[in-house]
Amino acid sequence: VHVACAEALKECGKKNEARQMYETAMQKFGSAHSIGGLAGIEYEDSNTERAVELYERAIALDDSVSAWKTNLAVIYNSQLKRAEAENLLRKSLEQSPRDGVTLNNLGSVLHGQGRLNDALSLYQEALQANPDSALFYFNIGNVFLEKGYMEDYKFLTNSVRQTANQAKGYKIGSMRTKLSAVISMPSRCLPILFVQHRADQRPFYLPSFSD
């Protein structure tokens, strides 16, 4: 009951009241969901050390909640604990293999390790799961940049940035139309990812690389 009330308070934007309710539930029952719920609030408030402590406790009690592992992995990655972050994210993907955010986060971890082709593949999978995410396009563009494909990078990021600025957000359906010219990229870019353009049912391709 305490956890359900805390979640309802959080949904209503009453974060302080939710924190108190989670604290009470944690002290009384010590359940994984009370600990994980409190960890989520600390994570959102950038209380990193507290969030790490709580997420680790919650996962030790119940490792079935992929969001806890994903959030903890994001913190680990920011602390350059890339092996720990990768391990958690791969476990999350075992539970939710089509989760775009988790795929993107794992791509970011591998990107930080210099594993560009692996990162690109994951960014593409993330984009396939969430075709309207400009952030995923930007991440693909960053791989282009590090590969030295400057024209491809400029085209991709400028197109996304213009559309994002127009829509004042990251999830933009019209972006895919503007980026349909990616299909004409140089032959070195192998078009292996297919994303269906839901607006007009035209095929949309993104490139991949082979070394």
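Select S66, which is placed in helix α5; helices here are DSSP runs of H or I with at least four residues, numbered from the N terminus. The model is predicted, so local features need pLDDT of at least 70 and side-chain atom pairs count only at pLDDT 80 or more, whereas totals for chains, interfaces and linings use all residues. Residues are numbered from 1 along each chain as its sequence is written, and side-chain values use heavy atoms, with hydrogens and water left out.

Leaving aside neighbours within four places in sequence, S66 is in contact (heavy atoms within 4.5 Å) with S92, Q95 and S96. The C-alpha atoms of S66 and T102 are separated by 8.9 Å.

Next, display α5 (residues 66-78) together with α7 (residues 100-112): their axes, 11 Å apart, form an angle of about 20 degrees. Axes are lines fitted to C-alpha atoms, for helices over the stretch in contact, and angles run from 0 to 180 degrees between N-to-C directions. That makes α5 roughly parallel to α7, a term for angles under 35 degrees. At this contact, T70, V74 and N77 of α5 meet T102, N105, S108 and V109 of α7.

Now select D45 and K15, whose side chains meet in a salt bridge at 3.0 Å, N to O; the term requires a side-chain nitrogen of Lys or Arg within 4 Å of a carboxyl oxygen of Asp or Glu. D45 lies in the loop between α3 (32-44) and α4 (48-61) and K15 in helix α2 (residues 15-29), so the pair ties together parts 30 residues apart in sequence.

Finally, select R50 and E23, a salt bridge with its closest N and O atoms 3.5 Å apart. R50 lies in helix α4 and E23 in helix α2.

Methods:
Helix = DSSP H or I, 4+ residues; strand = E, 2+ residues; numbered from the N terminus. Parallel < 35°, antiparallel > 145°, perpendicular 65-115°, else oblique.
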